[in-house]
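Subject: Handover of a structure

Dear colleague,

Please find the structure below, together with its sequence.

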Amino acid sequence: MEWEGKAAKAFNKRSKAARKQATEMAHSLREGAKALDDFAEKAHEMLSELGVLVAEMAEMELAGLALDFADNHLKTGGA
């Protein structure tokens, strides 16, 4: 038995439209997920680079402190 008539045609038309909308939404969600993955990857790279810069700055500060200490120690004659 097959559903026929005006109501069947209207239902089929609406279900095709809903299917198309769902397909488009799924595509958009996949694109959004890819964009978020790309953003997360770039953010991770930037944070890693920032960590390297902070470590380098800390090394320079420590070296500067050591030089200041040595300089002051020499100027005061070790006192």
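The notes below go from the overall form to individual side chains.

The model is a predicted one, in which local features need pLDDT of at least 70 and side-chain atom pairs count only at pLDDT 80 or more, while totals for chains, interfaces and linings use all residues. Residues are numbered from 1 along each chain as its sequence is written, and side-chain values use heavy atoms, with hydrogens and water left out.

Overall form

The protein contains one helix and zero strands; helices (H or I, at least four residues) and strands (E, at least two) are DSSP runs, numbered from the N terminus. Helix α1 covers residues 6-75. Along the principal axes, the C-alpha atoms occupy a box of roughly 105 × 15 × 15 Å. The radius of gyration is 33 Å, whereas a compact globule of 79 residues would have one near 12 Å; this radius is taken over C-alpha atoms, and the globule rule is 2.2 Å times the number of residues to the power 0.38. The separation of A70 and G32 may also be of use: they are 38 residues apart along the chain, and their C-alpha atoms are separated by 57 Å. A70 is found in helix α1.

Surface

Of the 79 residues, 1% count as buried, where buried means under 20% relative accessible area, exposed over 50% and partly exposed in between (1.4 Å probe, protein chains only). The accessible surface comes to about 7500 Å², and 66% of this belongs to carbon and sulfur atoms; accessible areas come from the Shrake-Rupley method with a 1.4 Å probe, and for residues only the protein chains shown count as cover.

A nonpolar surface patch is formed by L47, L50, L53 and V54, which together have about 390 Å² of accessible area. Patches are made of residues with over 30% relative accessible area and no salt bridge, with like charges joined within 9 Å and nonpolar side chains (Val, Leu, Ile, Met, Phe, Trp, Tyr) within 5 Å. V54 lies in helix α1 and has a relative accessible area of 47%, so this residue is partly exposed.

Salt bridges

The whole structure holds three salt bridges, each defined as a side-chain nitrogen of Lys or Arg within 4 Å of a carboxyl oxygen of Asp or Glu.

- E24 and K20 meet at 3.6 Å, N to O. Both lie in helix α1, four residues apart, about one turn of the helix. E24 is partly exposed at 43%, and K20 is exposed at 54%.
- K34 and D38 meet at 3.0 Å, N to O. They too are four residues apart in helix α1. K34 is exposed at 51%, while D38 is partly exposed at 35%.
- K75 and D71 meet at 3.2 Å, N to O. Both belong to helix α1, with a spacing of four residues. K75 is exposed at 63%, and D71 is partly exposed at 36%.

Aromatic pair

A search of the whole structure finds one aromatic pair. The ring centres of W3 and F11 are 5.4 Å apart and their planes stand at 45°, so the pair is tilted. Rings of Phe, Tyr and Trp (its six-membered ring) pair if their centres lie within 6.5 Å; planes under 30 degrees apart count as stacked, over 60 as edge-to-face and the rest as tilted. W3 is exposed at 53% relative accessibility, whereas F11 is partly exposed at 48%.

Yours sincerely
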